[in-house]
Amino acid sequence: MISQFFVLSQRGDNIVFRDYRGEVPKGSAEIFFRKVKFWKEDGEGDAPPVFNVDGVNYFHVKVAGLLFVATTRVNVSPSLVLELLQRIARVIKDYLGILNEDSLRKNFVLVYELLDEVIDFGYVQTTSTEVLKSYVFNEPIVVDAARLPTLGPASIFMQGTKRMPGTAVTKSVVANEPGGRKREEIFVDIIEKISVTFSSSGYILTSEIDGTIQMKSYLTGNPEIRLALNEELSIGRGGRSIYDYNSSTGSGTVILDDCNFHESVHLDSFDIDRTLTLVPPDGEFPVMNYRMTQEFKPPFRINALIEEAGALRAEVILKVRAEFPSSITANTIQVQMPLPPYTTRVSFELEPGAVGNTTDFKEANKRLEWGLKKIVGGSEHTLRAKLTFSQELHGNITREAGPVSMTFTIPMYNASRLQEFQWNPGATAHRNVTGFIALNLFH
Amino acid sequence: MAPPAQSQRSPSPSQPSGKGEVSDLKLQLRQHAGSRAPGADDAKRELFKKVISYMTIGIDVSSLFGEMVMCSVTSDIVLKKMCYLYVGNYAKGNPDLALLTINFLQKDCKDEDPMIRGLALRSLCSLRVANLVEYLVGPLGSGLKDSNSYVRTVAASAVLKLYHISASTCVDADFPAILKHLMLNDQDTQVVANCLSSLQEIWSSEASTSEEASREREALLSKPVIYYFLNRIKEFSEWAQCLVLELVANYVPSDNSEIFDIMNLLEDRLQHANGAVVLATIKVFLQLTLSMADVHQQVYERIKAPLLTLVSSGSQEQSYAVLSHLHLLVMRAPILFSSDYKHFYCQYNEPSYVKKLKLEMLTAVANESNTYEIVTELCEYAANVDIPIARESIRAVGKIALQQYDVNAIVDRLLQFLEMEKDYVTAETLVLVKDLLRKYPQWSHDCIAVVGNISSKNVQEPKAKAALIWMLGEYSQDMHDAPYVLESVVDNWDDEHSAEVRLHLLTAVLKCFLKRPPETQKALGAALAAGLADFHQDVHDRALFYYRLLQYNVSVAERVVNPPKQAVSVFADTQSSEVKDRIFDEFNSLSVVYQKPSYMFTDKEHRGPFEFSDELGSLSIGADSADNVVPAQRVEANDKDLLLSTSEKEESRGATNNGSAYNAPMYDGTSMPTGASQLQSELAISNTMVPSHSPSSSLAVDDLLGLGVPLAPASPPPPPPLKLNEKAVLDPGTFQQKWRQLPISLSQDYSMSPQGVAALTRPQAFLRHMQGHSIHCIASGGQAPNFKFFFFAQKAEEPSTFLVECIINTSSAKGQIKIKADDQNRSLSLSLSAQLNIGIPQRHVTLQPNTPLSINPLQKPKPAKRARTEEIKNMGFVLRVLSVAKRGLRPRLVLIPCRSQRLFCDKPLVSNPLLIKLLQESISRIKTVLDSEDNFTFKSSDFSWDILLTTLKSSSPAKAHLVLEWRLEKMVRDNERDLVPYLELIFLCSKVQNVPFAMRVFNSMEAHGIKLTSSVFNALIYTCLSSGNVMTALSLFEIMQSSENCKPNSETYNTFISVYSNLGNDKAMQAWYLAQKGAGFSADLRTYESLISGCVRSRNFDCADRFYEEMMLSGIMPNGQILENILRGLCEQRSISKVEQLLKFMMDGEWEINVSMAEKLMGLYFEHGTVEKMEELLLNLMNSNQSFAVLQQVHCGIIRMHAMLDRLDDMEYSVGRMLKQGMSFRCPDDIEKVVCAYFRREAYERLDLFLGHIKGSYKLTKSTYDLLVAGYRRAGLSEKLDLVMDGMKLAGFF
């Protein structure tokens, strides 16, 4: 059971603070914040999501730069509390449309109202946006999305977020549209995190896809939705890995190592025709999480080359090739690469005629960043970066740079070939695939 | 509806200007208080919002209480909610003003709108004001009966709130009973869930004082209640499911089929997207199967995939929580995860707390097959930007090296680290190289060459510097400039700040001097001089010691400082297995994340409802003076170690006691059970035997602790070593304070005899017993099976006090004593512990029919003194064995490869008409069937009870039991007098793990007057051990020791040794081996077989080799099993030369080489890549007429080898040779290797030829076809593809 719940801003201000059981002494928010802030100084990196100070257990998750914290004195299940904190953040986001410090401050009374129903005397009651709707009476004060810095794919590299934020869906589930009309819409995002390790000769050493089918429904009347997955889908790898030479566009068996489902999903016909049936509750939720280590063709191939050019200089050449059909275009691509710590200056050189490219060297964390607005299937793009070092090189420079990682969004494409089609008469469906590739190149 | 707050003066609610603002608000609130004007609500909302935002950021707005209450008369629900929030926050501090709110809240509790009724009820009970409770009872009572489920949900948790304000009000109003009714009958699952959580809390805290409450709490775990919850589990919300699952994890099913039912029911919970649900389910699975080793292992396999999915989905924080649990499982059973190592690779953007866990897992799962890849990966991290992680990675590499896997390659890697020239990398590596050399001195040559190149100036970290200096000293003869390097370090003595380095320097210089005197003399002189002048005590003393040693005699100095060193075989483990087991028991809790058991980080009062320690926490105190102190302590909750709660019963009893400041509890005899006198006598008897007055007994304890005090000669017992004050006085406050301050001076674990356990069912008797020894109880508590007592004692004529904590678990018959003393003298604590001694397994135990083990004090005359010393000596030994054996008590993974446990087996292996008949018949008819069965069936040679029973047990344990029963009845009917059938029956019991029945057989043997022999006991012990009941086995062993005719024989020890060998607990196994030797039995073939296989199983190859040598020396010829194990060990150690020797020995002795040996050999050769050896082996084997399967194995191995190296010609030759000898491939794996080789070389024609060749002798499997399809598809050979497809169709794979 939970004793207190609070949300802190990045600077450590209480935005909401709710004490459910009165067991934890005053000042816990300050104790917590101090501990998290100075954790690094003890040389241990980031504060873990759970720690204990004087018999009080502090749990926290970071969402949109805010700290969602719970405290307890009891030996509870850490998964339960962390899951709950994440879920509270999601419920709040469902209500406010956009979750950030500004929107939270404007709507703190609404948040209190939610918290009253989510937890009672430390025990979780419900975290379903749908159920909560009947108990909550405040109207959200909507924050204008346009004024906000966009949470582009780059935000994936922000500490504490492993996952892309749900893409364009920044509308409140409960607020009325301007004009009083409500559009019948449903958003389905397939978010795939692709991790690939190449050997120095270009072979794929390890590859894994961690995917989520995320849904946000604005449909009225709770209609039933059916999601048809790839028919040749099998779950669990019984045998050893077999060669798989199919291209990503062709059809073939997709083998998921494992997957799990949201509780609203009915799997009655799943074994027969690979169809998920569900009545989507209001708000955002993951329909299905899956994991795949079957070989697949990554949508991009990245080459990184580092060449020493004298004692204090080196050149990095990054090449990105889109390995999907030219009918498809990828958006908001961001490539990043950590450089050796003694790098002082970087100058960039793009291909002649390149448009929509941004390049940057982040001095603070010694990172090269390359952004591309769009990449058409089949095309190739190159970036040259000249590095200047503050000390002479010794040893292997390639060991100290990298790995390269990239994020992107490709509408109507997914690497795992876990296709899904939804069937719902009379509703607009949005479908999007967001990917994130981490490549370790220098093995 | 609510307008955006633009027109306010303060720009941001986070920056209030303080007091002025508050008084301003007060004014405004007053203005609006009575206003009913339109728009007034909106204005109020704005004001309320401001108040609450101040409240949030910690500004005290309690002065507005009155105004807020006045404004709250409204129908606007948003306003109401804000007001409730405010009131809930400040009521506790303003109890008088809170009274103002009661009125309107009570009114709201009767509102038409269920929403308002619920909200009001919730707020009413959240006020936390004790003097308002009388107003709560009425609304709460009607709330529980409300027709609306929302109100009932609120009311169910409101009861708990009331309980926390005033427990007595809550209980008096009979709310728990109403909750229980609701829990079992309400339609709404959230109501049910809230009732459950409220009741758990209420009953747990009531249980200490009320027997009824503790019964109720137990009842939550009863079968009907658990099933009620389980059957509805899918209706519950995901959070309530967690609650239910947590409850189920504590449930103890009555038999295995129930366990499987529960697991089947819950299996789909493993696919839930909520990690908390999955982990709670996993806990249930793990707890339920603890006693079934193989199913437990299957659970691990089953939960692996869901756990990995959870780790990779969800936020970083969520995946950390899951990863911590995965970490725990990996650490418990690394072998089961060894093929999943890639999941534990670190990713660049992961936080360091995740990386740390992953590194530990990678280290744990490393084995011979994956070490290369893991170490390669770890080496990548060594260049990581994150320096702490880089360091961890290097340490991980070292740990793997110390685990004996592929040391060869790792040493090279480590040495490469030294070439990276990064300070921290070098530092970490040096420390590792040092440890490595201590374990594998054979590597010194390679390491020293590299280490010698490191300049000591580049090494600054003390640990690393110390390591470098140690190596310089230890290997000074091999390092050319060691003396000069050391000299230069000595020259900078004053700049060396770390005492550790200076100590090492002294030793190293002396070592170097002893090896190379002329070169080091100068350095030694300088070092000793500097050392003598050193301000650090240890450094100074060591320098002085060396100086005098050298003065005395240089050759003695050599012997002291430079003795030949033995390689270290095992480095100490940091965490005890008890602690690890405790953490495992607390799966799905913070204990797992913190990697410590909960008692190390939670206060007792905040532990969960069913935790072991919680029950210990509820103590009662019997002190009349304590009633003022104690409740305060309870409310303050500031105490870390003790919770002394007052039970009213005890109080009133204490009051009649006497007027002294404090006295130990007195119990009136009327409360004693009728059997009290008997109990008393038992205790009195154990008194004489429990070594309370004998000095030698405390020596036995000394002996147990390995203090090595010689046994006192038999002499009349001197007075007790520790005289205690009979009328000692200590008040609870002081006790508590002392307990917190003093360190533990002694902590001991005990195993108790069954009668000791029985006595504890009435703790009062136990307490009286203690008091008889002037050890006073200050607090006690707990219910079965867990009890906890706090005692104190004072030394007579001295103010020195002893404080004792005694924890007893009656179900496991184990106890733990912690002693803290004013006087830190350990021996005093020891003798006190001897006096305390509550029930070390007793020696005079005989088995009696119809009763379990019990003491029979009257039959045994007092033993003579000599015998007694002997006995005590014996006991020390038994305890030692026990303490070693205890570590093996918990079922570990990788358990007995149980021949008898075929629980998941679907088809009976032998079809037997009787068996089939039995399987079909109903339980009630089993005996009739057996009766009717012809006697010939049982006598025929191919009939086996063994197989019949094991198969029967897998489908129905009850039937197996009946069959056993039938046999016993038959034997009794036939008036069987022969020992053998009974023995056989007991052995059958071991097959089906039915210990109670074995005991029954034993009883009926006694009843028939059959003479008992050691082998009967051996059989019983074997049965107990194979059912995992170690305690009973040990008790039996003790009985044997004390008996006349049934002394333990060699066989007895062999039984223990072989069981521990199977358990992979080589320490306990070796302890038993030593015990066997000590008892004067020499080891036989079976002993060695168990010992060697046990050592090999626990990867203790050195020991295995030692035992093998010992066996050969004693003239026992090995058997095939032993040779196989030795071979396995050698192969795992990769010592190819020893393998060759052994092989030669086997060939010469014409031993048979079996398939698994051949497999091991091929694996070894394969790794070394030596085809020649394989060919040689093949030749040898062919000459010695080995079996067909073995030859086939070797053939396939050779082919595989060639295939892997793409040597098509050699491969084809080998295939041809094999086929010519009439053998074919064994498994699809080999064929696939060959096919892959062809594909890689794009030799499609040759592939066709190959396939044509083997077609006659081998049928391709589906996976091979798949491979072919994939290969041809890639190569674009559509014709061949079609052919393969046709082939598949023909083979029936479509």
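Helices here are DSSP runs of H or I with at least four residues, strands are runs of E with at least two, and both are numbered from the N terminus. This is a predicted model, in which local features need pLDDT of at least 70 and side-chain atom pairs count only at pLDDT 80 or more, while totals for chains, interfaces and linings use all residues. Residues are numbered from 1 along each chain as its sequence is written, chains are lettered from A and ligands numbered from 1 in the order in which they are written, and side-chain values use heavy atoms, with hydrogens and water left out.

Helix 17 covers residues 293-312 and helix 18 covers residues 316-332 of chain B, and their axes come within 9 Å and cross at roughly 150°; that makes the two helices roughly antiparallel. The axes are lines fitted to C-alpha atoms, for helices over the stretch in contact, and angles run from 0 to 180 degrees between N-to-C directions, with under 35 degrees counted as roughly parallel, over 145 as roughly antiparallel, 65 to 115 as roughly perpendicular and the rest as oblique. By class, the contact has 10 nonpolar residues, one polar and one charged, where Ala, Val, Leu, Ile, Met, Phe, Trp, Tyr, Cys and Pro count as nonpolar, Asp, Glu, Lys and Arg as charged, and the others, Gly among them, as polar.

Further along chain B, helix 64 (residues 1262-1275) and helix 65 (residues 1278-1291) pack at about 165° with their axes 9 Å apart, and they are therefore roughly antiparallel to each other. Their crossing is left-handed, and the contact includes Tyr1265(B) and Val1269(B) of helix 64 along with Leu1281(B) and Met1285(B) of helix 65. Its residues divide into nine nonpolar, one polar and four charged.

Turning to chain A, an open sheet of five strands has the order 2-1-5-4-3, with antiparallel pairing, where two strands pair if DSSP finds at least two bridges between them. Strand 2 (14-19) and strand 3 (50-53) stand at the edges, each with a single partner strand, so one side of each has no neighbour in the sheet. The twist averages 20° from one strand to the next. Strand 1 (residues 4-8) is joined to strand 2 by five bridges, and Gln4(A) stands opposite Asp19(A).

Four strands of chain A form another open sheet, in the order 17-18-23-20 and with antiparallel pairing; its edge strands are strand 17 (300-308) and strand 20 (343-350), each pairing on one side only. Nine bridges join strand 17 to strand 18 (residues 313-322), and in their hairpin, with four residues between the strands, Gly310(A) takes a positive phi near 95°.

Finally, how do the chains meet? In the model, 101 residues of chain B are in contact with 95 residues of chain A. The area buried between them, which is the accessible area (1.4 Å probe) that two parts lose on being put together, summed over both, is about 8500 Å², and carbon and sulfur atoms give 54% of it. Within chain B, Trp239(B), Glu317(B) and Tyr348(B) lose the most area to chain A, together 9% of what that side buries.

Methods:
Contact means heavy atoms within 4.5 Å. A crossing is left-handed if the near helix is turned anticlockwise from the far one by less than a right angle, and right-handed if clockwise.
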